[in-house]
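Subject: Structure for your files

Hello,

Please look at the model first and then read on.

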Amino acid sequence: MGECKALFGKVVVFVAYVESSMKTHYKVAQDSLHCYLKGVNYTTAFVDLDHDKRVKENCPHDQLFFKKHCAASVYLQDADWMLVLDADTAVVNPNHCIEEWIDDRVDLVFYERFFNWEIASGNYLVKNTEFARTFLRKWADWQYIQPSNWNGADNGVLQIHILQTVLPDAVEEIKACDAIWHKGTDYDTYMAYVTCVKVTLGANRLYPGKIRIHRRAHGWVRDGFLTGDNFCDDDFMLHGWKLQAIELKSWNSPFRKMFNVSECGTGYLGWNYRPGYKITPDEVRKRLAAFEASAGNTFPKNAQVFPYLTQPDVGNCYPKCDDLT
C-alpha cells in the first residue's frame, strides 16, 4: 500500500463496461478497486463501451467482449503497460503492486483459469507495443470470422489466437484444434478444443517477445469461489463478484460492510474485513489442491482428448508436412 515504484513506466488500469450492467452488478468489486486505487499511483481508464468517443471512432464491433479488446488496443496508447480487468474483478488484498506480475520479456501476460485450464480472456496485462496492439485488434476482429457453433466467444477465440501467435509453424496441430473447435455443440465439447490447445502448447509458458501464460492460481487474480472467498497474503484480486451489496443472496464476502471509498487511501483504512476470512498460504494451497483433484475427476469425458490420436497430423499433408515455405 502506498505508491508503487514505476519499474516499467506508466501503468494504466483499464476497465470496460456498459452502463446498464454497471447499474445492476459489480458495485462491491468496483468499490474495492476504487479503494485500492486511492492508495496507489496508477492512471485509470474506466471506459463506457456504448458512449466513449474514442471507442466509437475506432471500434465498430457490436459484440461486447470483442469490442472490449478493441477498446483496450485504443487506450493502450496512453500507457507503457496496461492492466485490463473485468468489471467483476475485485481487490481483496491491497498490499500488492501490479508490477509484481509484469514480465518485460513479453508483451502480453495471461493466466489459466483454475477449474478448466482455459486461458482467461477477461483479465490480462499488455505492453504498449505494435505487436500487442495488433494482437488485441486481431482478437477483436475475430468477431467477424468466429465459428457460428458453441464456440466460447472471445475466450474460445483467445485459445487459438494465442496458439497461432506463439506456434505459427504448428500448422497441422492448429488445424486439428480448429476442427475440434468447429464441432463444439456445448460446454463439454468446447472443452475438448481447450484441451487440444493446451496439449499442443505443452509445458512451455513463456514465449519471449510475445506472451507469457501464468499457471493456475499464480496470476494476479483467481476465481474467488475456489476458496469460498477466503484469501491469503499471496492473493491480490478475486474474480467473479457480480453483486451490488455484500448482503445479497446470502453472500457475506470477506468484508463486514460495504466500502465507503472516501475512507480509503491510507493503509488499511476503508478495508473492513470480516474476521477469519484471511487465512494462511498453506491453507489456500490445501483448498486449491482439493479443488484441483475434484476438477480433474469431474472433467468432461468427451473433453479428455489427445488430438494426435483423433486428428490427422500427417494424413492430409504427407510428404510435405514440415514444409513451411
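Is the crossing of α6 and α8 left-handed or right-handed? The crossing is left-handed, a term used when the near helix is turned anticlockwise from the far one by less than a right angle, with right-handed used if the turn is clockwise.

Before the rest, two notes on the basis. This is a predicted model, in which local features need pLDDT of at least 70 and side-chain atom pairs count only at pLDDT 80 or more, while totals for chains, interfaces and linings use all residues. Residues are numbered from 1 along each chain as its sequence is written, and side-chain values use heavy atoms, with hydrogens and water left out.

Helices

Helices (H or I, at least four residues) and strands (E, at least two) are DSSP runs, numbered from the N terminus. Helix α6 covers residues 153-166 and helix α8 residues 187-201; their axes come within 10 Å and cross at roughly 20°. Axes here are lines fitted to C-alpha atoms, for helices over the stretch in contact, and angles run from 0 to 180 degrees between N-to-C directions. α6 and α8 are therefore roughly parallel to each other; the classes are under 35 degrees for roughly parallel, over 145 for roughly antiparallel, 65 to 115 for roughly perpendicular, and oblique for the rest.

On the α6 side the contact is made by N155, G156, V157, Q159, I160, L163 and V166, and on the α8 side by Y190, Y193, V197, T200 and L201. Contact means heavy atoms within 4.5 Å. Sorted by class, the contact of α6 with α8 has eight nonpolar, four polar and no charged residues. In this scheme Ala, Val, Leu, Ile, Met, Phe, Trp, Tyr, Cys and Pro are nonpolar, Asp, Glu, Lys and Arg are charged, and the others, Gly among them, are polar.

α6 also meets helix α5 (residues 130-141): the axes come within 10 Å and cross at roughly 135°. That makes α5 oblique to α6, and the crossing is right-handed. F131, F135, K138 and W139 of α5 meet D154, V157, L158, H161, I162 and T165 of α6. The classes in this contact are six nonpolar, two polar and two charged residues.

The seven-stranded sheet

An open sheet of seven strands has the order β2-β1-β3-β6-β5-β8-β7, with mixed pairing. Two strands pair if DSSP finds at least two bridges between them. At the edges are β2 (43-48) and β7 (206-207), each of which pairs on one side only. Helix α2 (residues 27-38) lies across β1 (11-17), β2 and β3, and runs at about 155° to β2.

Within the sheet, β3 (residues 81-85) and β6 (residues 124-127) are antiparallel and share four bridges. W81 has K127 as its bridge partner in β6, and V84 stands opposite Y124 in β6. β5 (residues 108-111) also pairs with β6 in the antiparallel sense, over two bridges, and L108 has V126 as its partner there. With β8 (residues 211-214), β5 pairs in the parallel sense over four bridges; Y111 is partnered by H214.

β7 and β8 run antiparallel and are joined by two bridges, with I211 in β8 as the bridge partner of Y207. Their hairpin has three residues between the strands, and G209 takes a positive phi near 80°.

The three-stranded sheet

A second open sheet has the order β4-β10-β9, again with mixed pairing. β4 and β9 (221-223) stand at its edges with a single partner strand each, so one side of each is left without a neighbour in the sheet. The twist averages 30° from one strand to the next. β9 and β10 run parallel, joined by three bridges, and R222 is paired with L238 in β10.

Salt bridges

How many salt bridges does a search of the whole structure find? It finds 20, where a salt bridge is a side-chain nitrogen of Lys or Arg within 4 Å of a carboxyl oxygen of Asp or Glu. The side chains of K242 and D88 meet in one of 2.5 Å, N to O. K242 is in the loop between β10 (237-239) and α9 (281-298) and D88 in the loop between β3 and β4 (89-91), so the pair ties together parts that are 154 residues apart in sequence.

Regards
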